[in-house]
Amino acid sequence: MARIFLPVMILLTLVLSGCDNSTRHTSQAIVINGKTMGTTYNIKIFPGALELEQNQLKKQIDDTLVAVNQSMSPWVEDSEINQFNMLSQGEVMVISEDFRAVVAESIRLGKSTETLDVTMGPLIDLWGFGPDKRPTKRPSQAQLDDMRSRIGVDKLLLSEQGLAKTVDGLEVSFSATAKGFGIDKVAALLEQLGIDNYMVEIGGELRVSGSKPNDKPWIIAIEQPDAPMGKRQVHRELKLRDTGIATSGDYRIFYEMDGETFTHLIDPATGMPVKHELVSVTVLHPSAMTADGLATALTVMGTERAKAYAEQHQLAVYLISKSDQGLITYVSEAFKPYL
């Protein structure tokens with residue numbers, strides 16, 4: 001089932017910075033980390049006067065993430081997502097509230113952007129993507145047209161009773177939204193415990209709340225897209241409070257076939273790997289899940305479509321595109337306050 005991660009594999013292009021623990025701080029940071037969803041998580045909390053037992057808090061965080069994984073991971077044999085993917089056409093599956101939340105947002109984003117499609121697994125199979133994220137064959141146009149007629153979020157039926165599919169073989173993958181949802185779930189847990197100042201990161205996607213001591217904002221850096229291979233350089237620092245942040249890019253993963261260069265992302269509208277100049281997309285949104293999905297969707301769009309979509313929906317978006325003159329950046333109006 002590894003293939004269903006491939007169409008929306010996101011480069012983890014965020015660098016954490018500005019998280020020191022100098023003695024002038026009015027409170028010490030609590031740092032908790034671990035593994036989840038095939039990657040790692042890192043959490044930093046400034047509790048102030050709030051008394052917290054760190055081991056107990058870590059257990060609560062781990063339990064929360066285990067539940068998300070049990071619901072949405074294709075690697076867990078009896079997960080909800082695997083149960084749905086094996087379902088026959090017309091059968092209605094009762095789903096958890098967490099699963100419903102991710103399905104609903106995935107459908108909404110899919111219909112709105114037309115470039116985020118959580119049902120593209122069979123299309124990825126058609127290209128024969130392997131473990132190295134490279135295709136092994138080029139489908140014919142007839143094959144692509146046939147496949148595109150049998151996938152799409154419009155073939156998912158979400159109702160009060162549960163979730164169903166209108167065609168046999170339809171599968172879903174939440175690789176563009178599950179990590180963000182996990183972040184949002186952990187953030188909700190922290191807030192229920194009275195924790196207001198925190199940073200939650202899973203696999204490079206983040207959500208921050210409140211501030212660091214002395215009312216200092218969280219400083220997060222966007223990575224330089226054209227940095228030398230093996231080196232990470234800061235492109236731009238952001239000053240953030242109370243937002244989720246996700247970055248998607250194609251500048252580290254690409255391949256050549258038949259004399260053409262493509263990225264690892266596929267446009268569901270054409271069935272083809274995308275080929276354009278947009279190399280990095282950073283999205284800010286209150287929900288890390290929504291930021292996660294939008295970052296992938298905008299990357300597939302390309303620069304001009306992404307700019308138009310961001311302005312139409314008043315999104316906080318930072319784009320980096322390549323040109324003959326070097327890198328070109330675009331900052332939406334909603335993003336400018338964070339620079």
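Is S71 buried or exposed? Select S71 to find out. S71 has a relative accessible area of 5%, so it is buried (buried is under 20% relative accessible area, exposed over 50%, partly exposed in between; 1.4 Å probe, protein chains only).

Before moving on, some ground rules. This is a predicted model: local features need pLDDT of at least 70, side-chain atom pairs count only at pLDDT 80 or more, and totals for chains, interfaces and linings use all residues. Residues are numbered from 1 along each chain as its sequence is written, and side-chain values use heavy atoms, without hydrogens or water.

**Stop 1: around S71.** Show helix α1, residues 54-72, which holds S71. Helices are DSSP runs (H or I, at least four residues), as are strands (E, at least two), numbered from the N terminus.

**Stop 2: helix α7.** Select residues 288-301. Of the 14 residues of α7, 14 are buried, so the helix is largely enclosed by the rest of the structure.

Check both ends. At the start, a side-chain oxygen of S287 comes to within 3.2 Å of the backbone nitrogen of M289. After α7 comes G302, with a positive phi near 90 degrees.

**Stop 3: zoom out.** The protein has eight helices and 17 strands. Of its 339 residues, 56% are buried.

How values were computed. Expected span 1.5 Å × (residues − 1). Polar contact = N/O pair within 3.5 Å; in protein donor to acceptor, adjacent residues only side chain to side chain.
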